[in-house]
Structures are given as C-alpha cells and as structure tokens.
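Subject: Model for you to look at

Hello,

Here is the model I promised to pass on.

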Number of protein chains: 2
Amino acid sequence: MNDFLARLAGVIGSANLLTAEADTTRYTTDQRGRYHGRPLAVARPGSSAEVAALVRLARQHRVAIVPQGGNTSTCGGATPDGSGRQLLVALERLNRVRALDAANHSLTVEAGMTLAAVQQAAADADRLFPLSLASEGSCQIGGNLSTNAGGLAVLRYGTMRELTLGLEVVLPDGQVLNALSGLRKDTSGLDVKQLFIGAEGQLGLITAATLKLFARPTAHATALVGVWDAASAITWLNALKDAFGDRLTTFEILSEVCQNLLAHYHPGQLPFTAPWALLIELSDSGDSAELSERLVAWLARQDMLDGVVAQSETERQKLWQLREAMSETQKRDGPSIKHDIGVPSSAIPAFLDEAGTALQAAFPGVRVVAFGHAGDGNLHYNVSHTRPGNAELFADEPRVNEIVYDLVYRHAGTLAAEHGIGQLKPHWLARYKDPVALALMKTIKQALDPAGLMNPGRWL
Amino acid sequence: MNDFLARLAGVIGSANLLTAEADTTRYTTDQRGRYHGRPLAVARPGSSAEVAALVRLARQHRVAIVPQGGNTSTCGGATPDGSGRQLLVALERLNRVRALDAANHSLTVEAGMTLAAVQQAAADADRLFPLSLASEGSCQIGGNLSTNAGGLAVLRYGTMRELTLGLEVVLPDGQVLNALSGLRKDTSGLDVKQLFIGAEGQLGLITAATLKLFARPTAHATALVGVWDAASAITWLNALKDAFGDRLTTFEILSEVCQNLLAHYHPGQLPFTAPWALLIELSDSGDSAELSERLVAWLARQDMLDGVVAQSETERQKLWQLREAMSETQKRDGPSIKHDIGVPSSAIPAFLDEAGTALQAAFPGVRVVAFGHAGDGNLHYNVSHTRPGNAELFADEPRVNEIVYDLVYRHAGTLAAEHGIGQLKPHWLARYKDPVALALMKTIKQALDPAGLMNPGRWL
C-alpha cells in the first residue's frame, strides 16, 4: 500500500493525497452523521487525465475506489467502509467550466463544480440550468449525475438524466470515455452515457458533463393554496397542467402535520393552515405581474379553503422559505424514519390513506410528516412517535419500512425516488426490485468492472 | 429447421407463422426498396409471453431474430439478410393499450401499436402524446423506441427516450424484463430500460412501453418566415426561445433549393421564396387567435425578408403541407444521397457553409437539398447532381459521405441524428464514433447476448 500511495502522490501531487485524520475527517462522515468511514487515503485529482491515471494505478494494486462530490448523500453513498483499504476520490478540484455554447443552450462543466456554480454560470450567459435542490450550495454536479438528482423543478424540466446531453467518464479499466456532446438528437449507436447516470459511481467516475440550458424565465407567479384532501391536490395538479401547460414549474404539497410544525417553529410565517397546502409556481417569459394576474384570475374560479398569491419577489421568497424550512424544522422536532418514495401522482391519495391507516394500526399514535414533490409523485414520507416519547424509534424502523414499502410497491412505486440507494437501502432494493432487472444490473456491473473496484459493497 | 418451425407454430399458431413468399414479401423489402431479405419465416406472436417463448425456442435452435415494427426504417434496420436462416419477428399483433392513467399523464401500450394509434389513444383521453413524424400512420411504437425516434416536436418535448417512462423487454435469454413504470423519478438502481432505447433490437425485443403524456395544447400559432442566411435562422431560433420559452414547439428550415423544388412541383402553394425559410410553430393552452396575435406582434418587431402567419386552421395545414411534401417532392426530382445529420444548432451556419464549399469544389454543379429540424440541430442534407444528368450519382456516394461526415464530426456532430444506423451506416459508425464508446457498446452486447442472436450483422 505504501508503494501504491507513493506512486499515487507522483500522479496527483502529494499535497492532494490526504492521509492524516485531521485532513480526511470532513470526507469520511456522511452529512446525516449516520456513516463513518476510514479510507486508505483521500485523493484529490485535478484533471480527467489524473483521474484516469489514478484508476489505472488503483487497478494494478487492486485498490477499491469510492468517489465523492459534495458529500451530501442522504444514503451514505459517498462514505467509504471502515476497512482502511478503500481510496476516497474527491472530485472537488475538477471544478472548471470547459465550454459554454449559449446559442446551442449547452454548457460543459467538470464534475466537481457545485450545482450553485453551474446555475450561476448559466445565469451569467442569460440562460437557465433548472436543477434545483436544498443542498445546491455544496452538492456537486458529478454527484447529481451519479444519483440522477431530482428536486424542485422536475415537473417541468425533468431529472438530471433529462438535463444531460453528454458525459466524460473514466471507466474501470482507466480508459476515458468521451461522450461529451451538445446534440439533442443522436442515434449513432447505444447511448452509453445513460449507464453512468444514477449508477452511484459503481461503473466508473464521471469527470465532466454537457448540460442542457434553457431560456431564462423572466416571470414567476407563486401561490400557497389550502385544500381539503390529497385527492383534491391531484385534481388541482391536473387542472393546473390543463390551464397553464409547461408554465407549471413547481407543485409541492405539505400535510397539516407539516404546517403545524412550521407554525410552531416559525410562528407568524404561515398565512393559514389547511388539511393540505399546495405550493404552486408558474414561470414564463414576459413579466411577473401579468402572470400573477392570470393565476389570480384562475384561482378565483376554483374551490379552495384558503389561498395567497405572492405580490412581490419578497412575498414569493417567504412562501419558498416555508417549503425549504421543512426538513430542518422536522429535525428540530426530533428524529424520524425517512422515506424518499415515489408513486404515480394519481396514486398519491390512495397511498397516503392506506399507509396512514396501516401505520396507525401497527403503531397507535404514530406521526407521519408527508411533504414534497407531488407533481412528480415523489413524497418525503417521514415517520416518528411509533412509541410514546419517540425515544426507541429506530427499533421500529424495519417494520415501518416494510409497511410503507409494501404499499409503495402495491401502487407501482419506488423506494428511492431521488436520493438513490447508497449504503442505506441495498437490502430493501434486493427485496422489492424486479429480479430480472436486478440480475441485468449485475450483468452490466460484471461486464464493466469485473474486478469490482468501483464503489464496492453497495448494491451492484 | 423444420423441427424449429413446427415447435414455433405450436407456440404462436400456424396461421401466424408465414413462410410462403406471397405472405412474407411485404416484410422483406425495406420501404426505400434498397434492401431485400430472405427470412427463414415471418413470425407474428400475439403476446409478450409468446415473444418470450419464441426467443427461448430460437435460442435453443440458434436461430437469429430480426424484429420488425412498421417496416419504415430508412436504414434497412428491420430487413433480414439473404441467408434464409434469420427469423423475422413482426410485432404488429401486440397492438393493445394496456393501461391509461390520465391523472398520471401516462399510457402503457404494446410495441406493435402504430404511432398514430398511440397519439389517438392519448387524444381520446384529452392528452397529448407529442412524438410526430412523417411515417406516423404506419411506424410502430416499438420501432420508435428501438431507433429513439425524433421528428417534429423534439425541440419542445424531446426524443422518444425522453418520452418513455417504462419498458417491457424480452431479453436474449427469453426472460421478460418488467420495467414498465409510470414514475417520473426513480433512483432505485440502474435505469436498465435506457439500454434498449435506440438499440435497434440488438439487445432484446421491446414488447410494451409506458409513455409520458402531456396536457393537450389548445392554441397554435404558425408562421413561415424568409430570412437572408443560416446565421439569421439560428439568431431567430434563440430569439424565439427567449420570447416564447417552451411555447416554441417547431422550428424547421428549408433552403432556397428546397423552396424552388416546392414551387416547381406544387405551383402556387409557396407564399414567397427566400434564401432560407423558417417554419415556426408555437403551441399553448388558451386560444389560437390570441397566441397568433402575440406572434404577429413579435414578428412585426423583427427584421425579415418576408413572412406569413396562418390565420386559420386551414392556412396552418397549408404551411405544414409544404414542409411535409419536402421528402416526396425531392424524390420526384430524382435520386439523392441522403444524410440524417446533427450538429449543435449554433454550428449549423458554419457547417452549411463549409460543406457547401467542399462539395462544390469536389463536384462542380452539385445540388444540395438541406432542410429539417434546425431547432434540434438535425438536418436532412441530401446531395445530388454530382455529375451532369445525375445518372451515376451513387458512384460518388463514398466520397460525398466522407466530405459531409468529416465536417459533421469537425463540428462535434453525428452521422445519425434520428434514423439510426441499420444496415446502411455500420462502417461509417465504425469510422467516426469514439472507439472507447464503440468498445463499450460491444462489451454490453456480449454481456447481454453472448450467442449474438438478436438482430445480428448490424453494428454491435
């Protein structure tokens, strides 16, 4: 191993090879504090060529590689094991814009750029890169790619996969796949880049990507609306699509329990409470006043319990802050068993009803905090107080997960809508995923990484 | 082989196993009349289970399979070889809607449904399935998937890949992969369905798909505009995106040569001619009159040579008919060497300029017919009259292709934007594609279809 580290230092420079615990500690614990790894070292290569040389060297020495972006995985996807034998590869020094083609609405960036920096690079060219999520200030685009990130604008713009035109990937054999491309249409062979999106680093290391940009909307109209039940929420979703088409950019829901938590920890901020609150945003070219007027006129014709439309950018930000405060607010109230689930939007009401009933039957007094991206069928469905006092919550986690996931799959859903699998959910994946699909994934892993050195011990 | 055919007849019914030439002939010649195959037989299975049984049987007997949808490939992708040993599998009897979930904006259909029937099933539920292309009346959704079809609305809605939520595939080992799904977001493992989209049947047989539906636009505004040069066309494209955002659904261009052909063969139809004509369509919720008014107001502020905005549905159809008549009009004028190329939109002017110059230098008097989906960077770039009289045109095809493709790749383009590779272009693919990408494709083929029985002799 010393020989390997010495040769690696020769490739990336000894200043970029960290072994002292004081230097590596910020890479070795995941952001939720749930996983603690002990790597052989932390390597910080500075270019794709260095990544490729690193992979070839690791292969010769049979050293496993755990890639890491902004270390914001909620599933321990970027934390090494405790063996002291895995090399953590931080991509953070690959943080340059490679090319901007505003007239083609495309931007080529390296994997280590933060999402916020990518958004800014697009904005500087009067373009929009629409991916938007809570950790955007620190998560990196390589991690967004490796987990096929979702977030707040998927309804209109799609997930990271749909925002990706091309990739550069260092393959497990150390070759560099140049599949960077600014093309919208290309049927010249298999679209091999698709394999690496959402692969959580198990098939190679993404080093750069060409991303789709969009015209920057100049108008926004934002409303918070209270409705009676989840079925009404889905009726609203489809009525909004009919009325406003692609202008509908965000459709988030918050249950009454969520609103009560917000009211408690952020007093005076919530304009009303209702069984369900909908955060709706339209965006468009043109100006905000006109778009807001159209939304107000449309809302006036709908049945609702309560509703407000932001009349200024400040008011708009206040509505968004409520939504964005949800995760942290819940954390302040104590631990919960979190689920990042997806079902067809049409199945949300039935799922919520059945899951709520089943959990109450198993754990009388249980609390469900449900909120999220209902426009994409993606809910954060968090369970606490399975027993009075909530102290032994995690003893109930297996049974809670089973109840929730059984119902998710009965509604043709997924146990990982946007956070991936990581270390947290491989055994659940093995239990619920189509076995033919799972076997096919493993066939691909075996074909691309027969030595099993790319982020091993996950789910492939 | 007789044993195989007898057992196959037992699986699919002898009425669905065609061996007489009178019965098989409509499957064995491609639509351009360029490829003529001689299959062992034509099998018409009626369900996914029958397809799976067929594949298992073919595997036992080492019989190669050539899948076919509507037989509209322009590259011979669905025509068997002349050996008399390949089994042509027509998916046309798998033509049912499996499930419609209007509230989830999703539709699950079998592979043998025509694109037009899928569009109609969506329309019947007041939804839009946006894929639209010239052969939509006869092409089948399985073929659209296997070639990642493009067409006229990619600019706004994406290619077939982006319109696909889930797939059912019979794998080369005869197992059925159930990756049907109505989910917009799913990070539970590799997105294995991506492999089969654009694979031209070389990795398995797609038997069903879950497709994305959209709110049906109620307003259309359509204009034909004349501009000075290709650079202006791209400036217009981006100005339209800025002004109208996602409303911009179609942006097609026609060169002056194209317009002259239309004027000659369809006299009185073209409202004007110009160095370049742009066919622009916006779509939206709301009503057409208002949207057309907005387009007229915007056009009034632009520099142009000439322009008309359709004032009625009849006028709109007339403008579209001109665009749609282009392929057939060109055919009437004689043969041409066709190219289905893509470059970044921003590179279209330079590509056209350089390719035109290079072809004129090599073949003085050559005629270039360039038209197509400039909004996606995809042009149909067809070359004729390399010699006076155009009689020995195809003798010049290799040199013409080389000139065109060299420049396409100099501009980071593709030699197959939306028609695939088929039998027509494998050697060109081998010449121009990144070798690491090509090797990776072959690794995947070997892993999934080690016996090489799925549409063999193509490009994998």
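Predicted model: local features only at pLDDT ≥ 70, side-chain atom pairs only at ≥ 80, totals over all residues.

Residues are numbered from 1 along each chain as its sequence is written, chains are lettered from A and ligands numbered from 1 in the order in which they are written, and side-chain values use heavy atoms, with hydrogens and water left out.

First, the two copies. Chain A superposes on chain B by a rotation of 180 degrees with 0.0 Å of shift along the axis, at an RMSD of 0.0 Å (least squares on the C-alpha atoms of residues with pLDDT of at least 70 in both). The copies are thus related as by a two-fold rotation axis. Both use the same surface, since 100% of the contact residues of chain A recur in chain B (contact means heavy atoms within 4.5 Å).

Now the sheet. In chain A, five strands make an open antiparallel sheet, ordered E5-E6-E10-E8-E9. Strands are DSSP runs of E with at least two residues, helices are runs of H or I with at least four, and both are numbered from the N terminus; two strands pair if DSSP finds at least two bridges between them. Strands E5 (97–101) and E9 (176–179) of chain A are at the edges with a single partner strand each, so one side of each has no neighbour in the sheet. From one strand to the next, the twist averages 10 degrees (axes are lines fitted to C-alpha atoms, for helices over the stretch in contact, with angles from 0 to 180 degrees between N-to-C directions).

Strand E8 (residues 164–170) of chain A deserves a look. Seven of its seven residues are buried, meaning under 20% relative accessible area with a 1.4 Å probe, protein chains only. E8(A) pairs with E10(A) over six bridges and with E9(A) over four. Val170(A) stands opposite Leu205(A) in E10(A) and opposite Val176(A) in E9(A). In the hairpin of E8(A) and E9(A), with five residues between the strands, Gly174(A) has a positive phi near 90 degrees.

Helix H3 (residues 48–60) of chain A lies across E5, E8, E9 and E10 of chain A, at about 45 degrees to E8(A).

Best wishes

Notes:
Buried < 20%, exposed > 50% of the residue type's maximum accessible area, 1.4 Å probe, protein only.
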